[in-house]
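Subject: Structure handover

Hello,

Here is the structure for you to look over. My notes follow below it.

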Amino acid sequence: MSETGCRHYQSYVKEHSYDTFRVIDAYFAACVNKDAREKKAIHCNCFECGSYGIQMYACLHCIYFGCRGAHITSHLRAKKHNVALELSHGTLYCYACRDYIYDARSRDYALINRKLEAKDLQKSLGWQPWIPSAKETNLLLANARRRLVRPNQTIGLRGLLNLGSTCFMNCIVQALVHTPLLSDYFMSDRHDCGSKSSHKCLVCEVSRLFQEFYAGSRSPLSLHRLLHLIWNHAKHLAGYEQQDAHEFFIATLDLLHRHCVKAKSEHESKCNSGTGGSSSTAGGGNSTSSSSGSGGGGTATHCYGQCNCIIDQIFTGMLQSDVVCQACNGVSTTFDPFWDISLDLGETTSHGGVTPKTLIDCLERYTRAEHLGSAEKIKCSACKSYQESTKQFSLRTLPSVVSFHLKRFEHSALIDRKISSFIQFPVELDMTPFMSEKKNAYGDFRFSLYAVVNHLGTIDTGHYTAYVRHQKDTWVKCDDHIITMASLKQVLDSEGYLLFYHKNVLEYE
Amino acid sequence: MQPLGSTTTTAATAAQVPMTAAAITSNFQELIKEPKGLDEAANYLYQTLVDDAVAGIFIETHHLRKTNNLTALDGVCEENAESTYRICEMPNLDIFGISTAKKPMDCTCPNCDRLVAAARFAPHLEKCMGMGRNSSRIASRRLATKEGTSASSSSSSTYLQSGNAGGTDDEDDVDWSSDKRKKKSTQNSRNNGSKKNNGKTF
């Protein structure tokens with residue numbers, strides 16, 4: 001049963017409908033557009049004392065604004081009006097009950113207004129607390145035991161057995177399990193598996209893994225079922241041989257993404273007429289492919305960056321590529337989705353930069369304008385001829401998790417080698433300088449390091465280990481089944497092959 | 001919102017200066033001109049934001065209490081969690097306080113349902129699924145085994161050997177459960193097992 005305010009509010013709604021609430025909320029609580037903001041700034045002052053202070057209340061029976069406390073209550077008492085709206089958080093107040101009241105339908109309308117506001121200001125939706133349904137409340141009460149995750153406790157940590165050169169998999173699994181948004185998703189049981197045979201579903205297996213990590217067991221975990229599923233679904237990964245952790249990471253994201261899409265479509269076709277499920281299916285976000293859809297290949301469902309699955313929500317960013325014609329200065333811009341950023345480490349050849357020593361150096365090199373010489377002329381749509389041009393990458397949007405792949409393995413016609421040079425990487429990373437639009441007022445592009453995968457050894461043979469952040473300022477080293485404490489210095493002094501950064505300030509849709 | 005007339009009379013008592021957006025802006029400019037005013041404005045703004053945030057927390061908590069969710073979300077903490085799960089920091093021990101030495105462990109192969117030494121699971125699975133670098137060779141051999149109506153034990157064992165391209169026979173044996181005694185006793189059924197497996201996957 002959903003919340004219905006109080007009996008006074010119910011009778012108010014019966015008489016006046018929700019219209020007044022919706023308008024007042026839209027204009028004076030949410031401020032859905034410029035007009036509303038102006039109206040609020042000009043008119044929303046206390047009718048009693050003239051103050052423009054915060055926590056104003058609007059009477060829902062007549063046109064009246066009043067400060068919290070005596071001013072609004074004296075109006076409500078005098079006029080025998082019951083319901084007022086608190087304008088800074090959009091909470092309903094009933095004078096007859098002398099209490100704040102909560103009504104589910106009003107909340108739905110308010111949410112629409114908040115979305116309009118966010119859209120108008122081009123900022124993210126404000127954080128909303130989780131409101132458990134009556135069923136969820138009862139479940140929580142019936143299962144009252146809670147396990148807390150603390151920095152000085154092992155909950156959330158688990159060693160992983162090496163199944164025969166499977167350290168590349170163990171490292172990636174450790175990094176994924178310690179991705180806060182991913183663990184939030186799986187620990188809140190959001191994966192609704194469409195397929196009947198859930199033992200064949202890779203996402204279900206990952207979901208089980210998360211449960212295992214938090215189950216409180218001390219013995220190492222064996223990922224044999226995961227390996228079996230991955231080999232079954234990705235034939236190119238199959239086979240007992242040393243593999244590249246980066247390749248495995250991308251392939252795993254791809255598999256999980258495809259499973260999510262499949263599970264979703266199966267689920268939707270199954271309950272086509274029923275209710276639309278949870279809020280996660282809210283219309284696919286703003287996935288309007290703005291201009292030239294560069295990578296037009298593949299069907300809609302298999303083209304990542306277009307879907308709303310948890311993998312895309314967390315890992316997909318958008319790369320912008322600007323090609324500037326040297327003849328007419330015309331710019332042609334394309335966008336490409338990405339799951340990670342691969343960075344060159346070798347000596348710069350063409351345009352005389354220095355060999356990168358830090359992650360920032362690598363990123364500067366990555367986003368530097370590159371002159372495409374006479375051998376690489378590109379057809380300019382304005383000049384209608386082939387011209388020399390410059391090409392520059394920038395980041396249009398960033399995912400919540402940015403992962404960097406330091407290209408330590410160099411394969412060329414002449415030689416295959418590993419570049420073991422030290423690349424300094426920071427704990428806190430601000431990506432603002434590398435964005436396409438640096439002056440987005442509401443953009444916050446600060447990230448924190450949370451996992452580092454290292455490769456020890458040569459290009460032919462070696463071993464992978466990972467450092468993961470257990471809790472803030474608590475790091476552990478994962479070497480297959482051995483989990484030990486690590487200092488931040490150890491993490492930062494390590495060579496670094498894959499670096500995982502998590503966004504500090506999350507944006508909501 | 002009908003009773004307009006009655007409200008305007010109430011509103012008339014308030015000191016209502018007709019404001020425009022431009023007036024607000026110029027008021028604001030006036031206010032922040034002198035350092036003292038700017039200071040006051042900044043303090044007021046800060047106080048307002050804190051106040052607003054506190055009110056937000058109050059409302060959220062109030063809502064949780066009203067819906068009985070305050071107790072529901074809190075729940076009861078696990079007993080002895082502090083001592084049971086405390087991270088251990090000792091040489092040669094992992095965070096669980098367990099020796100870092102490798103212990104043999106087994107897992108059940110999801111493909112053939114047999115017990116396999118965990119450390120040899122990947123090479124086992126490669127052969128078991130007929131995959132990897134030699135996949136086509138193994139697969140074709142398997143098909144041949146299947147087609148050759150009498151899936152003789154000899155053909156099964158050739159498949160096993162060839163699947164282990166660079167390895168020796170010995171390595172093959174390690175595949176099966178880390179329990180050595182069991183390994184010997186199941187030596188016979190091993191070939192039968194892989195025969196059965198052939199029938200299952202293809």
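Phe404(A) stands opposite Leu499(A), a residue of strand 22 of chain A. Keep in mind that this is a predicted model.

Val452(A) has Leu499(A) as its bridge partner in strand 22 of chain A.

The strand pairings are as follows. Strand 14 of chain A (residues 401-406) runs antiparallel to strand 22 of chain A, and five bridges join them. Strand 18 of chain A (residues 446-457) also runs antiparallel to strand 22, with six bridges between them.

How enclosed is strand 22 of chain A? Six of its six residues (498-503) are buried, so the strand is largely enclosed by the rest of the structure. Leu498(A), Phe500(A) and His502(A) point one way from the strand. Leu499(A), Tyr501(A) and Lys503(A) point the other way. All of them are buried, His502(A) and Lys503(A) included.

**Nonpolar cores**

The largest nonpolar core has 96 residues. Within this core, Cys171(A), Ile172(A), Ala245(A) and Val453(A) touch the most other members. Helix 7 of chain A (residues 167-177) gives the most to the core: nine residues.

What does Ile172(A) touch, leaving out residues up to four places away in sequence? The contacts are Ala245(A), Phe248(A), Phe249(A) and Thr252(A).

**Contact between chains A and B**

Chain A puts 59 residues into the contact, and chain B puts in 60 residues. On the side of chain A that touches chain B, these elements of chain A each supply at least two residues:

- helix 3 (34-43)
- helix 6 (134-142)
- strand 6 (145-146)
- helix 10 (224-233)
- strand 21 (482-486)

Which of them gives the largest share of that side? Helix 10 of chain A does, with five residues. By class, the side of chain A that touches chain B holds 29 nonpolar, 21 polar and nine charged residues.

Strand pairing crosses between the chains too. Strand 6 of chain A and strand 1 of chain B (residues 76-77) run parallel, joined by two bridges. Arg146(A) has Cys77(B) as its bridge partner in strand 1 of chain B.

Over to you.

Best wishes

Notes. Residues numbered from 1 in each chain as written. Chains lettered and ligands numbered in written order. Predicted model: local features only at pLDDT ≥ 70, side-chain atom pairs only at ≥ 80, totals over all residues. Contact = placed C-beta atoms within 7 Å. Helix = DSSP H or I, 4+ residues; strand = E, 2+ residues; numbered from the N terminus. Nonpolar A, V, L, I, M, F, W, Y, C, P; charged D, E, K, R; others polar. Pairing = 2+ DSSP bridges. Core = buried A, V, L, I, M, F, W, Y, C linked by C-beta atoms within 7 Å. Buried ≥ 20, exposed ≤ 12 C-beta atoms within 10 Å, placed from the backbone.
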